[in-house]
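Student: Could we go through the ring pairs and how they get their labels? I would like to see how each value leads to its name.

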Amino acid sequence: MTDKMLMQKAINLSIENVKQGGGPFGAVIAKDGQIIATGVNRVTKNNDPTAHAEISAIRKAASKLKTFDLSGCEIYTSCEPCPMCFGAIYWAHLDRMYYGNTKTDAKNIGFDDSFIYDELKLDNADRKIAINRLLPDEAIRAFEDWTNKTDKVEY
């Protein structure tokens with residue numbers, strides 16, 4: 001399938017998802033022009049704030065390919081990703097991203113993520129959610145154990 005065909009599939013998923021009571025977002029992950037996985041926004045349907053189209057597609061693709069490293073794959077998403085999905089795309093090591101609607105288009109229909117980008121620029125003390133460091137001496141133990149582990153699978 002061509003890039004345009006794969007993007008059209010993501011767009012069609014978003015349109016169909018609205019008809020089925022979901023959010024207006026769809027995503028496709030492909031490798032060598034073949035669809036590996038698809039996802040749609042299921043936040044309200046699943047009562048899961050992380051059930052975005054991109055996250056769903058990444059989870060399905062990783063499961064299908066039996067790897068957390070999706071190098072060699074591309075994602076086609078009906079809208080420019082939110083910060084969570086954008087981060088997941090990087091963590092998944094996808095090679096390329098294509099999108100249709102912009103984050104401004106999303107903002108104009110009530111899906112405004114700009115406050116998250118703004119929050120990330122602030123010091124912890126200035127953020128809307130109270131953020132407190134607690135038990136750092138105990139928490140560091142897992143990092144020390146990881147550092148010393150000889151059979152770890154790095155990612």
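Tutor: Happy to! Let us begin with a definition: buried means under 20% relative accessible area, exposed means over 50%, and partly exposed is in between. Keep in mind that this is a predicted model.

Student: Then why is Y98 called partly exposed?

Tutor: Its relative accessible area is 23%. That value falls between the cut-offs of 20% and 50%, so Y98 is partly exposed.

Student: And what makes Y76 count as buried?

Tutor: Y76 has a relative accessibility of 1%, and buried means under 20%, so Y76 counts as buried.

Student: How many aromatic pairs does a search of the whole structure find?

Tutor: The search finds five. One of them joins F25 and F111.

Student: Why is the pair of F25 and F111 called edge-to-face?

Tutor: The ring centres are 4.9 Å apart, and a pair needs centres within 6.5 Å. The planes meet at 90°, which is over 60 degrees, so the pair is edge-to-face.

Student: What makes this a link between distant parts of the chain?

Tutor: F25 sits in the loop between α1 and β1, while F111 sits in the loop between α5 and α6, 86 residues apart.

Student: Why is the pair of Y76 and Y98 called stacked?

Tutor: Their planes are at 5°, and under 30 degrees counts as stacked. The centres lie 4.7 Å apart, so these rings form a stacked pair. Y76 belongs to strand β3 and Y98 to strand β4, so the pair ties together parts 22 residues apart in sequence.

Technical notes. Residues numbered from 1 in each chain as written. Predicted model: local features only at pLDDT ≥ 70, side-chain atom pairs only at ≥ 80, totals over all residues. Heavy atoms only, no water. Phe/Tyr/Trp six-rings, centres within 6.5 Å; stacked < 30°, edge-to-face > 60°. Helix = DSSP H or I, 4+ residues; strand = E, 2+ residues; numbered from the N terminus. Buried < 20%, exposed > 50% of the residue type's maximum accessible area, 1.4 Å probe, protein only.
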